[in-house]
Amino acid sequence: MSIRKLAKETAIYGVSSIVGRMLYFLLTPIYTRVLPNPGEYGIATDLFAFTALLMVFFTYRMETAYFRFGSEEDEGSAEKSFNTALWSIVGSSLVFGAILFLLSDWLADLFQYPDKASLVRMCALILTLDALCEIPYARLRLESRPIRFAAIRLISIGVNLGLNLFFLLICPWLQTTSWGAGLVSGWYDPHFSVGYIFVSNVVASLVALLLLSPIFFRLQWQFDRALWRRMALYAAPLVIVGFSYVINETLDRKIMIWFLPGTSDENQAQLGIYGANYKLAMLISLFTQAFRYGAEPFFFKQKNTLGAQKLYADVARFFLIAGVAAFLFIVLYIDAVKYFIGPDYWIGLGVVPILTLANVFLGMYYNFSVWYKVTDKTRWGAYISIGGALITIGLNIWWIPVFGYYGSAWTTLICYAAMALACYFTGKRFYAVPYDVKTMALYLATGIAIWLGSDWLRAQFPDALILRMALNTVVLAGLAYWVFIRERSGIRNYFKF
């Protein structure tokens, strides 16, 4: 697979991610306006962070192990790896889901939501259904079928969005009409508002599983214990990687509840503000996620080809160019992007550039991590990820009481930058990839300088919105032309322009 094909598949995956997430972003202004208070949004933020953490254990990175062993050239390796991985996930996810369901009351008390046990039970259903979808989704990626992958995800996301709109907007409106009140009065509870977010997610996950069911029909009664042990040993350090990633992404929101100096309600409101602004910063993760969908199978398929390391280096450079462009698009047009959330949440907009830049470094970490995946040295990924998790825990505990949610934002940036650098320097020792570090550093520094200049202008001329937007557009266009001139030979070589 060439970089051009990778770019094409990334674009298709990106359509599902970008359109899907944009639909979800349309829900953010609804959540931040319809839910009774920021604390309600904080509950959803907290429980979905908990769900993301447990998803690592539900899937135990078996999809990456499937890529590794399913891409071998041995005859039948793909089918054998698929059957072994999927039977493993089916058995474990049903067991884990049942345990979580039975412990829902205890977990609700632990989270200090004693009246929200039903939400925890719905989290158990979401986790089980999503875990069952993981290997079928991975098969579509390994077989280079991004269109079907994107279609299923978009349908699932559309169902989620539609149900959210139905429960949070249409049903309350029906209650205000004489003819509609009777339609919803018997089953709709307006006080269950945040709960309908989880109901929508359960139904959407079920729809995705049903759409993926034809892939289950290809499942054979084949479970290779020896292969499973190899896959488990390969994936075990990646579980630590995944767990550490979720800690880096979500633990700050739990620590915030414990370490912010306000009351419980005040801290929950601060969490809601941070969570809403985190959504804006996560716009760049749409591109990163789309890249990962295409890049993981791509890296494994290319590992034994001539010039693979040079190819990995070029992929990383092009990724950074796109990442810096996405970063600048968000921060230069923050005055427009901010309308995705309610005005009550704008007080936290200052964290958006910090978190967006953090996601650029996270994307570079994904690129630099190719070496330990293709060389089966996944334990090094665990070491680096543990270091990142320690940074996250230590700095959050130190800085949140002092700087509030800004402490969490800076911690995220420092953590991902440190992980990217650690992965790069460690990789030089075991699997040297000829990254063009000087050029990549130049692009990154230029992007940061443009952001700082734009931020200074925003502070000096807060009312000159149109003039600043026009100037930002000119600067962004000039940057794009400069990068194109520098990279035109590589662009023509890989993309046939």
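**Aromatic rings, cysteines and a loop**

Reader: Is phenylalanine 403 buried, partly exposed or exposed?
Author: The model is predicted, and its relative accessibility for phenylalanine 403 is 48%. Buried would require under 20% and exposed over 50%. Because 48% falls in between, phenylalanine 403 counts as partly exposed.

Reader: Which residue forms an aromatic pair with phenylalanine 403, and is the pair stacked or edge-to-face?
Author: A search of the whole structure finds 27 aromatic pairs. In one of them, phenylalanine 403 lies 6.2 Å centre to centre from its partner, with 80° between the planes. Planes over 60 degrees apart count as edge-to-face. The partner is tryptophan 399, and the pair is edge-to-face.

Reader: In which helix do tryptophan 399 and phenylalanine 403 lie?
Author: The two residues are four residues apart, about one turn of the helix. Both belong to the helix that covers residues 378-403, namely H17.

Reader: Is tryptophan 399 buried or exposed?
Author: Tryptophan 399 has a relative accessible area of 17%. The limit for buried is under 20%, so tryptophan 399 is buried.

Reader: Which residues form one aromatic cluster with Trp371?
Author: The cluster contains tryptophan, tyrosine and phenylalanine residues.

Reader: Which residue lies over the face of tryptophan 346?
Author: Charged side chains also meet aromatic rings here: the charged end of arginine 317 sits over the ring of phenylalanine 318, 5.1 Å from its centre. For tryptophan 346, the distance to the ring centre is 4.3 Å, and the residue is lysine 338.

Reader: How many disulfides does a search of the whole structure find?
Author: Cysteine 133 is buried, at 2% relative accessibility. Cysteine 415 is also buried, at 1%. A disulfide needs two cysteine sulfur atoms within 2.5 Å. The number found in the whole structure is zero.

Reader: What is the phi of tyrosine 60?
Author: Most residues other than glycine have a negative phi. Tyrosine 60 is found in the loop between helix H2 (38-59) and helix H3 (62-70), and its phi is positive. The value is near 35°.

Reader: Is arginine 61 buried or exposed?
Author: Arginine 61 is found in the loop between H2 and H3 and has a positive phi of about 55° although it is not a glycine. The relative accessibility of arginine 61 is 9%, so arginine 61 counts as buried.

Key:
Residues numbered from 1 in each chain as written. Predicted model: local features only at pLDDT ≥ 70, side-chain atom pairs only at ≥ 80, totals over all residues. Heavy atoms only, no water. Buried < 20%, exposed > 50% of the residue type's maximum accessible area, 1.4 Å probe, protein only. Phe/Tyr/Trp six-rings, centres within 6.5 Å; stacked < 30°, edge-to-face > 60°. Lys NZ or Arg CZ within 6 Å of the ring centre and 35° of its normal.
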